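Dear colleague,

Please find below the structure that I am handing over to you. My findings follow directly after it.

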Amino acid sequence: MKLLHTSDWHLGRSFHGVGTLNAQRRFADQLLDTVLTEKVDVVLVAGDVYDRALPSVDVVNLFDDILARLNKAGVQVVITSGNHDSATRLGFGGRLLESAGVHLRTRIADLAVPILFPLEPQGEGLVAIYGIPFLEPRLVAEELGVETGTHFSVTEAAVHRIAEDLATRPAGTASIVLAHTFASGGITSASERDLAIGGVGAVPLDLFKPFSYTALGHLHGRQKLSTTVRYSGSPLPYSFSEAAHVKGGWLVEITADGLGEVRQVDWAPEKSLSLVKGKLEDLLNNPDWEFAQDNYCQITLTDNDRPELAMDRLRVRFPHTLVLMFEPETAREGDAQSYGARIAKAADDLELCCGFLDHVRHRAANNDEQQLLRAALTAVREQESAQ
């Protein structure tokens with residue numbers, strides 16, 4: 001049996017103000033191509049299907065289209081809810097969708113209810129797939145029967161329920177668990193287990209030892225925590241911190257002996273991300289930066305004085321610049337002083353205004369700007385005198 005481990009689709013998310021719906025449609029095409037090419041049996045989605053609890057109509061329609069195409073391809077789908085999803089809304093119609101091969105695991109009541117697949121069409125092997133939705137400790141602690149609501153305690157309780165059910169299954173049953181959480185391999189003591197990243201507390205890696213494979217969601221970088229515990233990462237980059245990521249998923253093979261080969265599947269983005277840094281004139285003229293011209297760019301200017309119309313000029317060469325930052329190569333005299341200390345030295349109103357401009361944009365007022373400020377100050381004084 002072949003499983004395709006994915007997560008964190010974040011359908012409907014924007015990227016620094018740019019809509020990603022077309023890019024997500026392109027991902028859907030890549031997903032279907034992988035399913036057909038690799039003859040995938042089950043697609044796993046470990047949470048954060050949507051980017052928000054109330055997705056727009058277009059986004060819901062996209063998800064509906066993806067499920068319909070997967071169904072037409074004859075593949076089963078197992079989905080858990082993430083911290084960005086509304087578990088109730090995502091889980092709506094779950095019992096009806098089950099008959100169409102879409103298995104939703106968004107409720108605590110379904111933790112120990114596996115989706116069972118025969119390993120071979122006529123064989124005796126069995127694969128049991130369980131889903132752990134995102135567990136908000138304050139909301140689920142009582143239902144899970146734990147007194148202290150931490151991410152570790154509620155996840156441990158969920159895993160215990162799954163392990164109890166797995167013990168009732170035939171010997172040799174392969175067990176797959178989907179979980180939307182932050183797993184930390186270095187955390188083994190109870191006093192250290194409630195670390196957090198992105199609002200999700202850390203749980204120790206050894207919680208998932210009893211299972212053949214654990215498909216994790218939440219972290220956007222694909223990574224291998226152990227042979228049997230992995231994050232697939234998001235299928236698209238959603239921040240410039242992911243510029244170096246290779247996006248995709250994990251293709252997981254289950255054999256009669258348990259976990260077989262696990263290999264990565266890559267999905268190239270329509271537009272890559274580039275982190276560009278340097279002085280404005282060099283960035284505009286140096287041929288070494290040609291590779292970034294068609295990419296989404298985060299540009300950091302290192303000019304000591306902030307250039308005028310920097311974004312407009314950069315977008316002539318880098319039209320898809322989305323983020324512009326300034327990190328002067330050399331600190332200017334007075335930069336270390338507080339704004340209050342700097343303006344306290346102003347000799348007159350004009351110098352005070354020029355000092356404010358310098359402070360907020362990191363560039364001194366030029367002659368034309370000083371003339372405008374001088375005229376504005378004169379007009380204000382005349383108006384005050386007239387009153």
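**Sheet and helix packing**

Helix α2 (residues 57-72) lies across β4, β5 (76-80) and β6 and runs at about 145° to β5; contact here means heavy atoms within 4.5 Å. This is a predicted model, in which local features need pLDDT of at least 70 and side-chain atom pairs count only at pLDDT 80 or more, while totals for chains, interfaces and linings use all residues. Residues are numbered from 1 along each chain as its sequence is written, and side-chain values use heavy atoms, with hydrogens and water left out.

Helices (H or I, at least four residues) and strands (E, at least two) are DSSP runs, numbered from the N terminus. Axes are lines fitted to C-alpha atoms, for helices over the stretch in contact, and angles run from 0 to 180 degrees between N-to-C directions.

The order β6-β5-β4-β1-β16-β17 describes an open sheet of 6 strands with mixed pairing; two strands pair if DSSP finds at least two bridges between them. Its edge strands, each pairing on one side only, are β6 (102-105) and β17 (258-266). Strands β1 (residues 2-6) and β4 (residues 42-46) run parallel and are joined by 4 bridges. His5 stands opposite Leu44 in β4. Helix α1 (residues 21-37) lies across β1, β4 and β17, at about 160° to β1.

Elsewhere, the axes of α5 (residues 137-144) and α6 (residues 151-166) come within 10 Å and cross at roughly 40°.

Yours sincerely
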